Amino acid sequence: MIIKNAVNENGEKINIIIDEGSGIINKVVKGDYNDNHDDNVLDLGGRFISPGLVDSHAHIDSNFLLDVCKEVDTPKFTEALRSLIECKENLTEDEIYRLAKKSMDYYIMHGTLFIRSHVMIDGRKWRERVKSLIRLREEFKDKVYLQIIGFVQSYDYFDTDQEERVIKSIEMGIDGIGGQPHLQPSREDGIYMIKRLFDIAEQYNMILDFHADYADEPDLKFSEVVVSEAIKRKLYGKVSLSHLIAMHSYYEDYAHRLMRWIKNADINIIISPITEMQGSGAHENYPKRRGIPRVRDLLEEKINVSLGHDDIQNHLNPIGDGDLLKASFALMIGDYMFFTRYFKQILQMMTYNGAKSLRIENYGLEEGKKANLVIFNTKNLKDTLIQIPSERMVIANGKVIFNSLKSVTV
């Protein structure tokens with residue numbers, strides 16, 4: 001396959017020659033390219049191209065719950081979450097699988113080919129949720145890379161029964177583990193959860209991703225415990241911190257000291273701006289906080305920051321559709337990143353930075369990489385981020401798996 005007349009993030013015209021047998025990018029040629037001996041030539045007419053998008057924070061077992069449960073009309077995050085969990089616990093395994101599969105179709109349509117999804121391993125239906133996502137991981141393996149994090153929601157007390165459930169989930173085939181230590185009844189209990197999850201991760205060679213300090217409280221500082229454990233155990237690059245809403249409320253000196261240690265520990269920070277703006281201020285009257293955790297400062301400190309869309313059409317985000325461009329738009333507004341000098345960094349957050357967070361190899365828009373690509377119906381990066389075009393072509397492992405570009409035939 002030859003892809004002609006594409007435009008990359010630097011505004012350069014490029015042509016991509018793909019070996020269809022292996023799905024590998026054989027060559028990237030800048031400028032004009034006139035070798036049309038291949039029967040399978042796609043002329044993109046100057047459209048913008050990117051590596052396949054990476055959603056670093058999803059909850060596929062929670063998506064599309066409003067298909068089967070009623071919306072709860074409340075801006076209070078905790079009230080909406082309570083209804084979401086109640087809905088999840090009343091689903092059959094067939095319903096869990098069907099709604100999760102619908103999610104995969106939406107991700108493909110938007111060009112998201114790499115996903116880290118947290119699956120809740122609390123509650124009665126934890127096995128059904130884990131089994132459904134493992135089934136989907138296998139079913140979509142030629143199109144989408146799905147990484148599954150066994151997630152201790154931690155509304156129950158983290159005891160030996162919870163620990164055994166984490167281990168059982170690992171034995172079922174999940175890829176990593178995590179939890180929300182700030183929801184335990186005391187700081188000591190939260191620290192115990194963190195240390196035990198690190199113990200289990202070391203024992204079973206798991207990656208870790210914590211929903212960390214997910215509240216407006218400036219004294220909420222479990223992320224520092226995660227950083228300390230990652231350094232002590234030398235788990236560099238294998239640990240992620242998601243959300244970090246409390247960082248928005250930290251004093252300047254503490255925030256930058258924490259960032260320095262995050263960088264030293266090579267911890268990935270994962271931002272889901274739609275959820276963060278919803279969750280922050282949930283317990284406050286006006287004025288309300290914004291909740292985005294200092295993304296510009298984190299990037300300035302050379303910390304790997306990646307992007308997640310989080311929920312799709314459930315009680316927490318009734319209007320979500322899984323499009324990372326919409327998450328990036330929320331970030332631009334939420335952290336004042338609407339100036340063009342930030343646009344390449346925003347693209348990096350949902351491509352290369354996400355690939356680093358998920359520890360994906362063979363990723364990118366370069367020779368020798370797997371041809372996992374998305375083409376947008378725009379002419380450059382700026383228009384892509386601003387217009388959020390719905391028309392896209394998606395290529396997975398060298399094969400077109402979705403195309404809504406009306407003037408480009410396959």
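These are my notebook entries on what I looked up in this predicted model.

**Ground rules**

Since the model is predicted, local features need pLDDT of at least 70 and side-chain atom pairs count only at pLDDT 80 or more, while totals for chains, interfaces and linings use all residues. Residues are numbered from 1 along each chain as its sequence is written, and side-chain values use heavy atoms, with hydrogens and water left out.

**Entry 1: the whole chain**

I started with the protein chain and found 13 helices and 15 strands. Helices (H or I, at least four residues) and strands (E, at least two) are DSSP runs, numbered from the N terminus.

Next I checked the overall dimensions. A compact globule of 410 residues would have a radius of gyration near 22 Å, and the protein chain agrees with its 21 Å. That radius is taken over C-alpha atoms, and the globule rule is 2.2 Å times the number of residues to the power 0.38. Along the principal axes, the C-alpha atoms fill a box of roughly 65 × 50 × 45 Å.

Then I looked at burial: 58% of the 410 residues count as buried. Buried means under 20% relative accessible area, exposed over 50%, and partly exposed in between (1.4 Å probe, protein chains only). The chain exposes about 16700 Å², and carbon and sulfur atoms supply 48% of that. Accessible areas come from the Shrake-Rupley method with a 1.4 Å probe; for residues, only the protein chains shown count as cover.

I also looked up contacts (heavy atoms within 4.5 Å). Of those with a separation of 6 or more, 77% come from residues 24 or more positions apart.

**Entry 2: the disulfide**

How many disulfides does a search of the whole structure find? I got 1, where a disulfide is a pair of cysteine sulfur atoms within 2.5 Å. Cysteine 69 is joined to cysteine 87, with S to S at 2.1 Å. Cysteine 69 sits in the loop between β5 (53-58) and α1 (77-89) and cysteine 87 in helix α1, so the pair ties together parts 18 residues apart in sequence. The torsion about the S-S bond is about 90 degrees, so I wrote this disulfide down as right-handed.

Are the two cysteines buried or exposed? Cysteine 69 counts as partly exposed at 22% relative accessibility, whereas cysteine 87 counts as buried at 4%.

**Entry 3: two helices**

Helix α2 (residues 93-110) has 18 residues and reaches 26 Å from its first C-alpha to its last, close to the 26 Å expected at 1.5 Å a residue. The expected span is 1.5 Å times one less than the number of residues. Among the buried residues of α2 I listed Ile96, Tyr97, Leu99, Met104 and His110. Glycine 111 follows α2, and its phi is positive, near 90 degrees.

I did the same for helix α3 (residues 126-139). Its 14 residues should span 20 Å, and its end C-alpha atoms agree, being 20 Å apart. Its buried residues include Trp126, Arg129, Val130 and Leu133. What covers the buried residues of α3? I found α1, α2, β6 (112-120), β7 (145-152) and α4 (160-172) included in the cover.

**Entry 4: some histidines**

Histidine 211 is in strand β9 (residues 207-212), and histidine 243 is in strand β10 (residues 239-243). I noted histidine 211 as buried, at 3% relative accessible area, and histidine 243 as buried too, at 1%.

Which side chain makes a polar contact with the side chain of histidine 211? It is that of histidine 57, at 3.4 Å. A polar contact is a pair of N or O atoms within 3.5 Å; within protein, one must be able to donate a hydrogen and the other to accept it, and residues adjacent in sequence count only if both atoms are side-chain atoms. The side chains of histidine 243 and histidine 57 are also joined by a polar contact, of 3.4 Å.

Leaving aside neighbours within four places in sequence, the contacts of histidine 211 include His59, His118, His182 and His243. With that exclusion, histidine 243 touches Thr275, Glu276 and Asp310, among others.

**Entry 5: aspartate 311**

Aspartate 311 lies in the loop between β12 (305-307) and α10 (324-334), and I found it buried, with a relative accessible area of 3%. Its side chain has a polar contact of 3.1 Å with that of asparagine 314. Threonine 275 is 36 residues away from aspartate 311 in sequence, yet 7.8 Å away in space, C-alpha to C-alpha.
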